[in-house]
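Me: I would like to go through this structure and ask what stands behind the terms used for it. Please set each value against its cut-off before concluding.

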Amino acid sequence: MAGETKERILNTALALFSQRGYLGTSMSDIANELGMTKGALYKHYTSKQEILDRITARMGKLDQERAQAYQMPDAEPDGFAEAYRNTPAEKIRTYSVAQFRHWTEDGFSARFRKLLTLEQYRDPAFATLYQNYLASGPVAYMAEIFRTMTDSNESAMQLALEFYGPIYLLYSIYDGTEDKEAVIQQLQTHIDCFIRRMEQTQREEGKA
């Protein structure tokens, strides 16, 4: 029962954070939304910061589980880029689409993304989270992957930007349209075209 209540608090708090912002939401707001007293809320979480920490920890765990489920290399161990390079293109495509759907369709993760988008300009800690999850983090990851396929760091970064830039833009397009599946189709088309172009380039270089 206590576990269910804690879960309900996390989901309610994140919903409020994504609508009003973290700074614009108080513990009283969370308690009122839940229909409980502030004292009862404090029995489960000692502060708003603790709630945020639990939410962030949940996101990290979801990221790990998703990478494992799709058998994708971890970003930490040495050699992950080589492992990624040897991953079939179809698996990369499937995982990339799953990532996008995760950030847009999963209620918890979509609200977390919106929270980071709201608060990135107000608080340096949120700015760091935003960069790590949605901006410089994904680009750096892809640049490391493409480094195994190119002759310079600059070329790898350019490829990473060409791959991830449209995906980043599609988050905003997805949020602003009613035709969500059309955006998913645009995403799949982008990934397919990019992979075909990369494969063609590798074939041509192999012949040279």
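Predicted model: local features only at pLDDT ≥ 70, side-chain atom pairs only at ≥ 80, totals over all residues.

Me: Which residues of helix 4 and helix 7 meet?

Reply: From helix 4, Leu-52, Ile-55, Thr-56, Arg-58, Met-59 and Leu-62 take part, and they meet Phe-108, Ser-109, Phe-112 and Leu-115 of helix 7. By class, the residues of this contact divide into 7 nonpolar, 2 polar and 1 charged.

Me: What makes helix 6 roughly perpendicular to helix 7?

Reply: The axes of helix 6 (residues 89-105) and helix 7 cross at roughly 80 degrees. The range for roughly perpendicular is 65 to 115 degrees, and therefore helix 6 is given that term against helix 7. Their axes come within 5 Å. On the helix 6 side the contact has His-102, Trp-103, Thr-104 and Glu-105, and on the helix 7 side Gly-107, Ser-109, Ala-110, Phe-112 and Arg-113. This contact has 3 nonpolar, 4 polar and 2 charged residues.

Me: Why is helix 7 called oblique to helix 8?

Reply: Helix 7 and helix 8 (residues 124-134) pack at an angle of about 130 degrees, with axes 8 Å apart. Roughly antiparallel needs an angle over 145 degrees, and roughly perpendicular ends at 115. Helix 7 is therefore oblique to helix 8. The crossing of the two is left-handed. Helix 7 brings Phe-112, Arg-113, Leu-115, Leu-116, Thr-117 and Glu-119 to the contact, where they meet Phe-126, Leu-129, Tyr-130, Tyr-133 and Leu-134 of helix 8. The residues divide into 8 nonpolar, 1 polar and 2 charged.

Me: What makes Thr-12 buried?

Reply: Buried means under 20% relative accessible area. Thr-12 has 15%, so Thr-12 is buried. The residue sits in helix 1 (residues 2-20). Beyond its neighbours within four places in sequence, Thr-12 is in contact with Ile-30, Glu-33 and Leu-34.

Me: How do you know that Ile-145 is buried?

Reply: The relative accessible area of Ile-145 is 1%, and the cut-off for buried is under 20%. Ile-145 is therefore buried. Ile-145 belongs to helix 9 (residues 136-147). Its C-alpha atom is separated by 7.9 Å from that of Ala-156, 11 residues apart along the chain.

Me: Why is Gly-24 called partly exposed?

Reply: Partly exposed lies between the buried limit of 20% and the exposed limit of 50%. Gly-24 has a relative accessible area of 41%, so Gly-24 is partly exposed. Gly-24 is found in the loop between helix 1 and helix 2 (27-34). C-alpha to C-alpha, Gly-24 and Glu-119 are 10.0 Å apart in space, while being 95 residues apart in sequence.

Me: What makes Arg-111 partly exposed?

Reply: Its relative accessibility is 26%. Buried would need under 20%, and exposed over 50%. Arg-111 therefore counts as partly exposed. Arg-111 lies in helix 7 and touches Asn-11, Leu-14, Ala-15 and Ser-18, not counting residues up to four places away in sequence. The C-alpha atoms of Arg-111 and Leu-16 are separated by 9.1 Å.

Me: Which residues touch the most other members of the largest nonpolar core?

Reply: They are Ile-30, Ile-51, Phe-100, Phe-112 and Phe-146, in a core of 53 residues. Helix 10 (residues 153-176) gives the most to this core, with 9 residues. Leaving aside neighbours within four places in sequence, the contacts of Phe-100 are Ile-167, Leu-170, Tyr-171, Tyr-174, Val-183, Ile-184 and Leu-187.

Me: How many helices and strands does the protein have?

Reply: The secondary structure comes to 11 helices and 0 strands. Of the 208 residues in the protein, 42% are buried.

Definitions and conventions:
Residues numbered from 1 in each chain as written. Heavy atoms only, no water. Contact = heavy atoms within 4.5 Å. Helix = DSSP H or I, 4+ residues; strand = E, 2+ residues; numbered from the N terminus. Nonpolar A, V, L, I, M, F, W, Y, C, P; charged D, E, K, R; others polar. Core = buried A, V, L, I, M, F, W, Y, C linked by side-chain atoms within 4.5 Å. Buried < 20%, exposed > 50% of the residue type's maximum accessible area, 1.4 Å probe, protein only. Axes fitted to C-alpha atoms, helices over the stretch in contact; angles between N-to-C directions. Parallel < 35°, antiparallel > 145°, perpendicular 65-115°, else oblique. Left-handed = near helix turned anticlockwise from the far one by under 90°.
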